[in-house]
Amino acid sequence: MIVTKRNSLRLAAVAALGALFLGTAGTAMAAAPAATDPDPDPAAATAPVASASVSAGITAKPSVTSVQAWQLFRVTGTTTGLEAGSTVTLQQKQHGTWVTLPASVHTTRNGSYSLGVKLGIKGLNELRIVSGNTASPVFTVTVR
């Protein structure tokens, strides 16, 4: 893969945004219970467990459909069937292959997310949000 100055600048900008939003979204995990409980509740051991038959899904909606190069926009959405605090990541289709960009954020307790994005590749950009093997429908943003 040939890394041009343009691509390295784009990746650096997206990485900086991803790190910024990742740092601010990490607080949802602080409320998670500890893995080992020194005083287990015997009633909890016999309580029925909810079925995990809900299939995972991700929605994604960009705040705009057209932007100037490097203009900040947001991608928001919700997840179903994923744990709270799951990481969702932006992917971009480049030359027919999905490329993971360094832009990710953790979901909130209710499964929603909001991700700031800047793109520099001009033209029609095909994008999606992924978490593990689950992906959102493809959406497009035109960079002018």
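This is a predicted model: local features need pLDDT of at least 70, side-chain atom pairs count only at pLDDT 80 or more; totals for chains, interfaces and linings use all residues.

Biologist: Let us begin with V75. In which strand is V75 found, and is V75 buried or exposed?

Modeller: V75 belongs to strand β4, which covers residues 73–80. Burial is judged from relative accessible area, with under 20% counting as buried. V75 has 0% relative accessibility and therefore counts as buried.

Biologist: Which residues is V75 in contact with, leaving aside its neighbours within four places in sequence?

Modeller: With those neighbours set aside, V75 contacts A60, K61, P62, Y113, S114, L115, V117, I129 and F139. For K61 there is also a C-alpha distance: 5.4 Å from V75, although the two are 14 residues apart along the chain.

Biologist: How many residues are in the largest nonpolar core, and which of them touch the most other members?

Modeller: The largest nonpolar core has 18 residues, and F73, L90 and I129 touch the most other members. Two or more residues of this core come from each of β4, β5 (87–94), β6 (97–106), β7 (112–117), β8 (123–131) and β10 (139–143).

Biologist: What does I129 touch, not counting residues up to four places away in sequence?

Modeller: On that count, the residues touched by I129 are I58, A60, V75, V88, T89, L90, Y113, L115, T134, A135, S136 and F139.

Biologist: Let us turn to loops. Where is S86 found, and why does S86 count as buried?

Modeller: S86 lies in the loop between β4 and β5. S86 counts as buried because its relative accessibility is 16%. Its side chain reaches the backbone oxygen of E83 at 2.6 Å. Beyond its neighbours within four places in sequence, S86 is in contact with V105, H106, T107 and S131.

Biologist: And K122: in which loop is its place, and is K122 buried or exposed?

Modeller: K122 sits in the loop between β7 and β8. With a relative accessible area of 56%, K122 is exposed. From C-alpha to C-alpha, K122 and V141 are 9.8 Å apart in space, and 19 residues apart in sequence.

How values were computed. Residues are numbered from 1 along each chain as its sequence is written. Side-chain values use heavy atoms; hydrogens and water are left out. Helices (H or I, at least four residues) and strands (E, at least two) are DSSP runs, numbered from the N terminus. Buried means under 20% relative accessible area, exposed over 50%, partly exposed in between (1.4 Å probe, protein chains only). Contact means heavy atoms within 4.5 Å. A nonpolar core is a set of buried Ala, Val, Leu, Ile, Met, Phe, Trp, Tyr and Cys residues joined through side-chain atoms within 4.5 Å. A polar contact is a pair of N or O atoms within 3.5 Å; within protein, one must be able to donate a hydrogen and the other to accept it, and residues adjacent in sequence count only if both atoms are side-chain atoms.
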